[in-house]
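Subject: Structure for your review

Dear colleague,

Please find below the structure that I am handing over to you. My notes on it follow, and I would be grateful if you read them with the model open.

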Number of protein chains: 2
Amino acid sequence: MARKEKGDIDLSTEEKIKEAARKVFTKKGYAATRTRDIAEEAGINLALLNYYFRSKEKLFEIIMTEKMQKYFGVLAPVLDDTATTLENKIETIASKYIDLVLENPELPLFVLSELRNNPIHFLSLTPKTDFLTNSEFIRQLQKKRPDIRPLHFFVSLLGMCLFPFLMRPVLQKVANMKDKTFIEMMLERKKLIPVWTKAMLKAK
Amino acid sequence: MARKEKGDIDLSTEEKIKEAARKVFTKKGYAATRTRDIAEEAGINLALLNYYFRSKEKLFEIIMTEKMQKYFGVLAPVLDDTATTLENKIETIASKYIDLVLENPELPLFVLSELRNNPIHFLSLTPKTDFLTNSEFIRQLQKKRPDIRPLHFFVSLLGMCLFPFLMRPVLQKVANMKDKTFIEMMLERKKLIPVWTKAMLKAK
DNA sequence: GTCTATAACCTGATAGAC
DNA sequence: GTCTATCAGGTTATAGAC
């Protein structure tokens, strides 16, 4: 019983419910999810869900906090590192973000769409509100290109990592692309993004 | 009574309901929307909604089709224009998309999140399935950079236009940005995107 | 066409047996 | 801790008066 990542069988009931909740909530969103769906997915009874988590909302709050931390957690340690160059940071962010989302493909759409109507979730996000604007990363961007808002680069960088996942169903449909090809493409992207951002930073 | 775009007052009941449905559906998504919300927003009775549109789902289908066409309608006429250069197409797409989404800020997140669980909506999208892969735009990209999948550029272009809107609440929160500033930024982007994509196309 | 009232159904949550 | 049965509340959709 060494491995306990996957085998539903040796998880505690509480963890089975959380695991099911992760799956269903991220796939369908809060509103479209029924507690019955989660119970079924977890292979337990509906009553147990309320026994362990009191309510749908409380359970959701737990999952949402988890996901928010995953989603934004990649950034925090990198942004403020004074020991790395700008190019270095870009490379790290692209690589880590793409790996993260390859393993959690529903993450970006889930977080962004749940955030739409519940800005409350921001509370579970960050201690200080200026972790981005007052970061080394932004300062480095500003120094390199004082003529362009640093946020322009920042948003473009994140967009290059995440937007393909948001468009994934569209993309695979209109380009008749298999899952395998999509994944290949995202791995290529890890190398492309540093090259592209470098070119963007120089472009006049 | 010349103007009829805005004044709720001289719209037909049917149009009032559709207008309300556009607003509520795009803001909250299908599952989180209650027909009561739409009725109230339209200033009419709940029963009238079913009188005119039979069901919540039918009404949604109408709005969704509309939005899909807006969302993808920008692309079709540009992609296959053999009379314009690649640079030209990029500029046009960036400019048109940003203008469109500035006027319909909820559009991208709405379309992408509703598409997540209902690939059925693709039906209302396009006549031929290869309108992208077999387009002049893709051919031009391929000619310029045969060493890189054209889709990499395509996705990045769309991402640069649309991703800022998807991240908008996050962005405005962490950067403490006012609506006005965000809009300014998106207008700047119309000029930045052609410059950046040009640099990306050259980068080795 | 528009309203009020209500039917029919669904969903989250709990009571209570085991 | 786990289950079955059920309640309470809310939601879509319709019946029927005007």
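The structure holds zero disulfides over all chains. Please keep in mind throughout that this is a predicted model.

**Cysteines**

A disulfide is a covalent bond between the sulfur atoms of two cysteines. Cys161(A) takes part in no such bond, and the nearest cysteine sulfur, which belongs to Cys161(B), is 17 Å away.

**DNA strand D**

I turn next to the DNA. DNA strand D is surrounded by 16 residues, and the closest are Asn45(A) and Tyr52(A) from chain A with Thr35(B), Arg36(B) and Lys56(B) from chain B.

Several contacts to phosphate oxygens of DNA strand D may be examined one by one:

- In Asn45(A), a polar side-chain atom lies 2.9 Å from a phosphate oxygen.
- In Asn50(B), the corresponding distance from a polar side-chain atom to a phosphate oxygen is 3.5 Å.

Which elements give two or more residues to the surface near DNA strand D? They are α3 (46–53) of chain A, and α2 (35–42) and α3 (46–53) of chain B. The most is given by α3(A), with four residues. By class, the residues of this surface are six nonpolar, six polar and four charged.

**DNA strand C**

DNA strand C also has 16 residues around it, and here the closest are Arg34(A), Arg36(A) and Lys56(A) together with Asn45(B) and Tyr52(B). Sugar and phosphate make up 57% of the atoms of DNA strand C that come within 4 Å of the protein.

Its phosphate oxygens are approached as follows:

- The side chain of Thr35(A) has an N or O atom 2.8 Å from a phosphate oxygen.
- A polar backbone atom of Lys56(A) is 2.7 Å from a phosphate oxygen.
- A polar side-chain atom of Thr13(B) is 2.8 Å from a phosphate oxygen.

At least two residues of the surface near DNA strand C come from each of α2 (35–42) of chain A, α3 of chain A and α3 of chain B. Which element gives the most to this surface? It is α3(B), with four residues. The surface near DNA strand C has six nonpolar, six polar and four charged residues.

**Arg22(B)**

Finally, I draw your attention to one residue in helix α1 (residues 13–28) of chain B, namely Arg22(B). Its relative accessible area is 15%, so Arg22(B) is buried; the cut-off for this term is under 20%. The side chains of Arg22(B) and Glu19(B) are joined by a polar contact of 2.7 Å. Apart from neighbours within four places in sequence, Arg22(B) is in contact with Glu15(B), Ile63(B), Glu66(B) and Lys67(B).

Yours sincerely

Key. Residues are numbered from 1 along each chain as its sequence is written. Chains are lettered from A and ligands numbered from 1 in the order in which they are written. This is a predicted model: local features need pLDDT of at least 70, side-chain atom pairs count only at pLDDT 80 or more; totals for chains, interfaces and linings use all residues. Side-chain values use heavy atoms; hydrogens and water are left out. A residue is near a molecule or strand if one of its heavy atoms lies within 4 Å of it. A polar contact is a pair of N or O atoms within 3.5 Å; within protein, one must be able to donate a hydrogen and the other to accept it, and residues adjacent in sequence count only if both atoms are side-chain atoms. Ala, Val, Leu, Ile, Met, Phe, Trp, Tyr, Cys and Pro count as nonpolar, Asp, Glu, Lys and Arg as charged, and the others, Gly among them, as polar. Buried means under 20% relative accessible area, exposed over 50%, partly exposed in between (1.4 Å probe, protein chains only). Contact means heavy atoms within 4.5 Å. A disulfide is a pair of cysteine sulfur atoms within 2.5 Å.
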